[in-house]
Amino acid sequence: MSLVTRKLLIVDDSMIFRNRIARLSADARLAGLSVVATAEDGVEAIEQARRHRPDFVTMDLTMPRMEGPACLAVLRTVLPEARILVVSALSDRATALKAMMEGAHGFLLKPFSDEQLIGSLEELMA
Amino acid sequence: MKGARLRAEDIRVFSDAAGAFFLQTTRRRATVRTAYLLESPDPVVWDDFQGLIELAGRYRGSVGFSAPRNMLSHLLLMMGERDYSEASHRDIVGEIANQMSGYARRHFGEGMLIAPPKVLTRGQPAPRADEMAPFAIPMNWERYEAHLVVRMQPGA
């Protein structure tokens, strides 16, 4: 049985968190999910989105060069079909609501457990 | 003293942030001890690494998390990271400061703007911080001691 590969772009200015999300995305519950690129700021995220056309994006909000909210707005036009999970430490309610209004499909608060990230990615892929 | 404008409940949110980070990330609790006001506003780089978040918007100042190298190595191990380079230590200390600052926004609101983290190392001069005397919040996790250093007051 062939498995459809679905492409994931990871955007985070922390290398540790890019690595962690990439490792957890290989969990068996996320079968078919494949990391096609990572980016450490909003500008690089848009370049990688245009190049790889990912199906899913995990995205931090506090980043150098281009902040998350601006990046999110551009990604919505570059990748209108992609589903975006915001993964951020910004814990106020207004930030989460704004992200959802800008077109994010989910919001996961840092710090998160392995189970929480896998669960959020499962929901994104459902 | 300008730094004393932070109230007990303001300080408590940073203590809660520290506790939440270690419990959620490692499933092991940190012991967060009583905060104290430092006498001097002079910049200090604590421990081997310090992640520093500068604040803007409705507040100004900074939030720093400083920790010894061994503590950060242990954290990297528990997070499943295999890279124990200098870059990884700098990355994780900055990210911890970022997450603790982000946690505090649930108390201070979206008007507390948070810059991407800067990382300082022991012996490196820290940025000058006006006359704001910082609060230090000591904490222990496993056998290590770290400090959250908060300089914060309402912005212009």
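A helix is here a DSSP run of H or I of at least four residues, and helices are numbered from the N terminus. The structure is a predicted model.

Q: Which residue, with a positive phi, follows helix 2 of chain B?
A: Helix 2 of chain B has B:Met71, B:Leu72, B:His74, B:Leu75 and B:Leu76 as buried residues. The residue that follows this helix has a phi near 85°, and it is B:Gly80.

Q: In what pattern do the helices and strands of chain A follow one another along the sequence?
A: Chain A contains five helices and five strands. Read from one end of the sequence to the other, they give the pattern β-α-β-α-β-α-β-α-β-α.

Q: Why does chain A count as being as compact as a globular protein of its length, and what is its radius of gyration?
A: The C-alpha atoms of chain A fill a box of roughly 45 × 30 × 25 Å along the principal axes. For 126 residues the globule rule gives 14 Å, and the value for chain A is close to this, so the chain is as compact as a globular protein of that length. The radius of gyration of chain A is 13 Å.

Q: What percentage of the residues in chain A are buried?
A: A residue is buried when its relative accessible area is under 20%. Among the 126 residues of chain A, the share that is buried is 53%.

Q: Which residue caps the N-terminal end of helix 1 of chain A?
A: Helix 1 of chain A spans residues 15–24, and its buried residues are A:Ile16, A:Phe17, A:Arg18, A:Arg20, A:Ile21 and A:Leu24. Their cover includes strand 1, strand 2, strand 3 and helix 5 of chain A, together with helix 2 and helix 3 of chain B. At the N-terminal end, a side-chain oxygen lies 3.3 Å from the backbone nitrogen of A:Ile16; this oxygen belongs to A:Ser14.

Q: Is A:Arg20 buried or exposed, and with which residue does it form a salt bridge?
A: A:Arg20 has a relative accessible area of 3%, so it is buried. Its partner lies in helix 5 of chain A, whereas A:Arg20 lies in helix 1, so the pair ties together parts that are 94 residues apart in sequence. The closest N and O atoms are 2.9 Å apart, and the partner is A:Asp114.

Q: How many residues apart are A:Arg29 and A:Glu115?
A: The side chains of these two residues meet in a salt bridge at 2.9 Å, N to O. A:Arg29 is in the loop between helix 1 and strand 2 of chain A and A:Glu115 is in helix 5, so the pair links distant parts of the chain, and A:Arg29 is itself partly exposed at 40%.

Q: Which residue of chain B does A:Ser113 touch, not counting residues up to four places away in sequence?
A: A:Ser113 sits in the loop between strand 5 and helix 5 of chain A. With a relative accessible area of 10%, A:Ser113 is buried. Within chain A it touches A:Arg20, and in chain B it touches B:Gln24.

Q: What is the relative accessibility of A:Cys71?
A: A:Cys71 is found in helix 3 of chain A. Beyond four places in sequence, A:Cys71 touches A:Gly42, A:Ala45, A:Ile46, A:Met59 and A:Met66. It counts as buried, with a relative accessibility of 0%.

Q: About what area is buried between chain A and chain B?
A: The contact involves 27 residues of chain A and 28 residues of chain B. In chain A, A:Ile16, A:Arg23 and A:Pro111 lose the most area to chain B, together 27% of what that side buries. Carbon and sulfur atoms give 51% of the area buried between the chains, which is about 2100 Å².

Q: How many salt bridges are counted between chain A and chain B?
A: Side chains of opposite charge can pair when their charged atoms come close. Across these chains, A:Asp92 forms a salt bridge with B:Arg105, with the closest N and O atoms 2.8 Å apart. The count between chain A and chain B is four.

Q: Which helix supplies the largest share of the side of chain A that touches chain B?
A: The rule finds 13 residue pairs in polar contact across the interface of chain A and chain B. Helix 1, helix 4 and helix 5 of chain A each supply at least two residues of the side that touches chain B. The largest share, six residues, comes from helix 1 of chain A.

Definitions and conventions:
Residues numbered from 1 in each chain as written. Chains lettered and ligands numbered in written order. Predicted model: local features only at pLDDT ≥ 70, side-chain atom pairs only at ≥ 80, totals over all residues. Heavy atoms only, no water. Buried < 20%, exposed > 50% of the residue type's maximum accessible area, 1.4 Å probe, protein only. Contact = heavy atoms within 4.5 Å. Polar contact = N/O pair within 3.5 Å; in protein donor to acceptor, adjacent residues only side chain to side chain. Buried area = accessible area lost by both parts, 1.4 Å probe. Rg over C-alpha atoms; globule rule 2.2 N^0.38 Å.
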